[in-house]
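Welcome, and thanks for taking a look at this one with me. Please open the sequence and the model side by side, and we will walk through the fold step by step.

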Amino acid sequence: MTSGAPRSARGTERRAEILRAALEVIAERGYRGASLAAVAERVALTPQGLLHHFPTKEALLVAVLAERDQWDAVPGTGWRLELLGQLVEYNAMRPGIVQTFSALLGESVTEGHPAREFFTERYEAVRANMAQVLRSEYGERLPSGLTPERAAPLLVAVMDGLQYQWLLAPESVDMPAAFRDFLTLLGEDGDKGEG
C-alpha cells in the first residue's frame, strides 16, 4: 500500500519536469514548431513514455497553460490594483514565460488551435476577476464614469499589450512603470480640465 505513494510522488515530479521542458521547447520553437519528441528528449523519455503522461500534444499544451496560470493566478477577491502592479513587475523578471504565453496567445486566435478554447475561457474569467478588483477599488463607477465591467477589458488589454511591447523592445518599454502610469490614469476623474 505504501509503495503506491512514492510512485505517485515520482509521477507528480515527472509530470512537473515534463511541463517545464514543454514550456522551454514551446518558448524556443512556438507551439506549431514544438514536437513531443523534443520534449521527451529533454526529460530523457521516449515519445511513447511521454504519451503515458500526456496522451496528445494538445493535452500537453493545455497542461502547460494551466500550470502557468497557477503561478500567477489572480483570485476574484482580496486583490488590489497595486498588487496587479506587483504581478507586472514579477512578469518583467521572467521574459521566457511571458514570451511563451504571448506566442501561444497569438497563435490561439487561429481557427482550430488547441489553445483557443483555453484562452477564450481564461479571458472570460480574467475580465470578471478584474471587474471585481476594480469594483473593490472604486465601487460601481470609476472616476471616469465607466463601470467596472466596461473598464475590465481595458485593464486586461493594457496588461497584455504592455507585455508585447516590452518583449519587442525591453530597453524602450518599462512595463512596470507604464502599468503604474495606467493605474494613475484609471483613477483620474474624466471631468478634470473641463469647464
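## A walk through the helices

Of the 195 residues of the protein chain, 39% count as buried. Please keep in mind as you read that this is a predicted model. The secondary structure of the chain is quickly told: 9 helices and 0 strands. Starting at the N terminus, the order of elements is α-α-α-α-α-α-α-α-α.

The largest nonpolar core has 54 residues, and the members that touch the most others are L60, F119 and F179. Two or more residues of this core come from each of α1 (4–33), α2 (36–42), α4 (57–71), α5 (81–92), α6 (95–108), α7 (116–138), α8 (148–168) and α9 (175–186). Leaving aside its neighbours within four places in sequence, F119 is in contact with L65, F101, L104, L105 and S108.

Several of those partners lead us to a helix pair. Where do α6 and α7 meet? On the α6 side you will find F101, L104, L105 and S108, and on the α7 side R116, F119, R122 and Y123. As for geometry, two packed helices are described by the angle between their axes and the distance between the axes. The axes of α6 and α7 come within 9 Å and cross at roughly 105 degrees. Angles of 65 to 115 degrees count as roughly perpendicular, so α6 is roughly perpendicular to α7.

Now compare that with another pair, α8 and α9. Their axes come within 10 Å, with a crossing angle of roughly 155 degrees. An angle over 145 degrees counts as roughly antiparallel, and α8 and α9 are therefore roughly antiparallel to each other. The crossing of α8 and α9 is right-handed. From α8, the contact is made by L154, L155, V158, M159, L162, Q163 and W166; from α9, by M175, A178, F179 and F182. You have met F179 already, as one of the core residues that touch the most other members.

E24 lies in helix α1, and its C-alpha is 8.0 Å from that of G96, although 72 residues separate E24 and G96 in sequence. G30 is found in helix α1 too. Leaving aside its neighbours within four places in sequence, G30 is in contact with V25 and E107.

Finally, let us visit an annotated stretch. The unreviewed UniProt entry carries the annotation "DNA-binding region" for residues 35–54. In the model, this span is 70% helix and 0% strand, and its end C-alpha atoms lie 13 Å apart. Look for A44, in the loop between α2 and α3 (47–53). The phi of A44, however, is near 55 degrees, a positive value in a residue other than glycine. A44 is also exposed, because its relative accessible area is 68% and the cut-off for exposed is over 50%.

Definitions and conventions. Residues are numbered from 1 along each chain as its sequence is written. This is a predicted model: local features need pLDDT of at least 70, side-chain atom pairs count only at pLDDT 80 or more; totals for chains, interfaces and linings use all residues. Side-chain values use heavy atoms; hydrogens and water are left out. A nonpolar core is a set of buried Ala, Val, Leu, Ile, Met, Phe, Trp, Tyr and Cys residues joined through side-chain atoms within 4.5 Å. Buried means under 20% relative accessible area, exposed over 50%, partly exposed in between (1.4 Å probe, protein chains only). Helices (H or I, at least four residues) and strands (E, at least two) are DSSP runs, numbered from the N terminus. Contact means heavy atoms within 4.5 Å. UniProt positions are given in the numbering used here, feature names are shortened, and annotations may be inferred rather than shown by experiment. Axes are lines fitted to C-alpha atoms, for helices over the stretch in contact, and angles run from 0 to 180 degrees between N-to-C directions. Angles under 35 degrees count as roughly parallel, over 145 as roughly antiparallel, 65 to 115 as roughly perpendicular and the rest as oblique. A crossing is left-handed if the near helix is turned anticlockwise from the far one by less than a right angle, and right-handed if clockwise.
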